[in-house]
Amino acid sequence: MERTLSIVKPDGVKKNLIGEVIRRFEQKGLRIAGLRLINLSQTEAKKFYIVHKERPFYESLTSFMSEGPIVVMVLEGENAVAKVRETMGATNFKDAAPGTIRADFATDIERNVVHGSDSVKSADYEIPFFFSSLDLH
């Protein structure tokens with residue numbers, strides 16, 4: 001059993017896609033182990049995305065992620081990281097496979113509706129950023 005983190009980004013929340021995103025993950029056999037609707041400050045977003053600090057998109061990404069509410073969730077299941085990544089589609093929605101969340105709903109590379117841990121190691125960092133062990137079921 002593997003756990004991973006996914007986020008419905010501010011654009012996805014604004015477009016009322018929370019239920020659709022969850023539905024697609026559940027259809028892949030994933031189970032929600034934790035779920036929260038929160039607002040990130042830009043300082044918190046910068047801490048979360050610290051791995052991208054030297055990248056040219058760091059400031060715009062952290063500004064975007066703090067512009068409105070997000071939904072953070074822990075998903076679990078067999079090969080959860082890979083299933084979430086497959087369901088989301090490529091980061092650049094233009095490269096995402098038809099029927100993926102990003103192909104269906106993203107408007108640009110940053111406003112691509114969802115985030116998902118890219119590895120088990122990333123999930124091990126990202127999950128405790130938002131959830132304590134008491135929050136997970």
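A residue counts as buried when its relative accessible area is under 20%, as exposed when that area is over 50%, and as partly exposed in between (1.4 Å probe, protein chains only). The model is a predicted one, so to speak of local features takes a pLDDT of at least 70 and side-chain atom pairs count only at pLDDT 80 or more, while totals for chains, interfaces and linings use all residues. Numbering starts from 1 along each chain as its sequence is written, and side-chain values rest on heavy atoms, with hydrogens and water left out.

As for overall shape, the radius of gyration (taken over C-alpha atoms) is 14 Å. That agrees with the value near 14 Å for a compact globule of 137 residues, the rule being 2.2 Å times the number of residues to the power 0.38. Taken along the principal axes, the C-alpha atoms fill a box of roughly 35 × 35 × 25 Å. Contact here means heavy atoms within 4.5 Å. Of the contacts with a separation of 6 or more, 76% are between residues 24 or more positions apart.

Seven helices and four strands turn up in the protein, these being DSSP runs numbered from the N terminus (helices H or I, at least four residues; strands E, at least two). Along the sequence they read β-α-α-β-α-α-β-α-α-β-α.

The four strands form an open sheet in the order S2-S3-S1-S4, with antiparallel pairing; two strands pair if DSSP finds at least two bridges between them. Strand S2 (31-38) and strand S4 (114-116) sit at the edges with a single partner strand each, so one side of each has no neighbour in the sheet. From one strand to the next, the twist averages 20 degrees. Strand S1 (residues 2-8) and strand S3 (residues 70-77) run antiparallel and are joined by seven bridges, with Ile-7 opposite Val-72 in S3. Helix H5 (residues 80-88) packs on this sheet and touches S1, S3 and S4. The direction of H5 makes about 30 degrees with that of S1, using lines fitted to C-alpha atoms (for helices over the stretch in contact) and angles from 0 to 180 degrees between N-to-C directions.

Helix H5 also holds Glu-86, which counts as exposed because its relative accessibility is 52%. Beyond its neighbours within four places in sequence, Glu-86 is in contact with Lys-28 and Thr-100.
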